[in-house]
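The sequence and structure come first.

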Amino acid sequence: MKKTKMNLLIGLGIVGGIILLLVLWYVGIFNSLIRLNEEVNNKWAQVETQYQRRVDLIPNLVNTVKGAANFEQTTFEEITKARSQWQTASGTEAKVKAANNVESALGRLLVVVENYPQLKATQNYLALQDELANTENKIAVERGRFNDAVRNFNAKIKTFPSNIVAGKLGYVDRTYFNAKPEAENAPTVNFS
């Protein structure tokens with residue numbers, strides 16, 4: 001009888017140990033998924049911060065151009081509309097689309113500026129252009145960091161055994177930040 005009791009206790013200890021290991025495994029994967037998801041959210045917030053910086057620079061740039069050149073009204077309207085769309089967009093996809101619209105409008109503004117050499121020589125414009133270039137570099141860096149975080153998260157939720165926990169938590173692939181389709185083509189600057 002004592003031997004049976006001892007075997008029962010050993011069996012319960014083994015089962016308890018296995019259950020404890022499974023719980024620890026689940027908690028470890030759960031916590032790592034939460035950390036990776038928050039990392040993606042943090043990196044996106046950094047991208048948004050740089051976009052906001054760019055959007056905040058736009059009125060100064062537009063006013064400098066308007067003050068020194070015969071500014072084209074349609075370009076101004078496009079920039080204002082694109083800036084407004086970015087500020088009211090919600091969600092990653094909408095923000096990316098709006099940011100691409102801002103980039104296009106800024107590109108058209110810079111083409112307009114090329115027609116006004118006296119503007120390109122003013123100190124205000126040069127300072128704003130440098131600040132905008134600096135911001136664009138920061139945006140590129142933050143987009144890269146965001147995509148790295150998305151890659152790590154997506155890989156984690158797809159690999160075994162963490163895919164089991166990720167599925168129970170409802171995690172799905174996060175979307176990479178992709179450049180707009182025509183981004184590989186350089187803008188055309190015409191001096192005629």
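Helix α3 passes α5 in a left-handed crossing. In this predicted model, the two helices pack at an angle of about 150°, with their axes 13 Å apart. Angles over 145 degrees count as roughly antiparallel, and α3 and α5 are therefore roughly antiparallel to each other. Helix α3 spans residues 92-114, while α5 spans residues 123-158. On the α3 side, the residues that meet α5 are Thr92, Glu103, Leu106, Leu110 and Val113. Their counterparts in α5 are Tyr125, Leu132, Glu136, Arg143 and Phe146.

Lysine 95 also lies in α3. The side chain is buried yet has no salt bridge. What is the nearest side chain of opposite charge to lysine 95, and how far away is it? It is glutamate 48, at 4.0 Å.

Serine 162 belongs to another helix, α6, which covers residues 162-169. With a relative accessible area of 3%, serine 162 counts as buried, because the term applies under 20%.

| Residue | Helix | Residues touched |
|---|---|---|
| Serine 162 | α6 (residues 162-169) | Ile29, Leu33, Lys156 |

One of the residues touched by serine 162 is Lys156, and α5 runs over residues 123-158.

Key: Residues numbered from 1 in each chain as written. Predicted model: local features only at pLDDT ≥ 70, side-chain atom pairs only at ≥ 80, totals over all residues. Heavy atoms only, no water. Helix = DSSP H or I, 4+ residues; strand = E, 2+ residues; numbered from the N terminus. Buried < 20%, exposed > 50% of the residue type's maximum accessible area, 1.4 Å probe, protein only. Lys, Arg positive; Asp, Glu negative; His and termini not counted. Contact = heavy atoms within 4.5 Å. Axes fitted to C-alpha atoms, helices over the stretch in contact; angles between N-to-C directions. Parallel < 35°, antiparallel > 145°, perpendicular 65-115°, else oblique. Left-handed = near helix turned anticlockwise from the far one by under 90°. Lists of a residue's contacts leave out its neighbours within four places in sequence.
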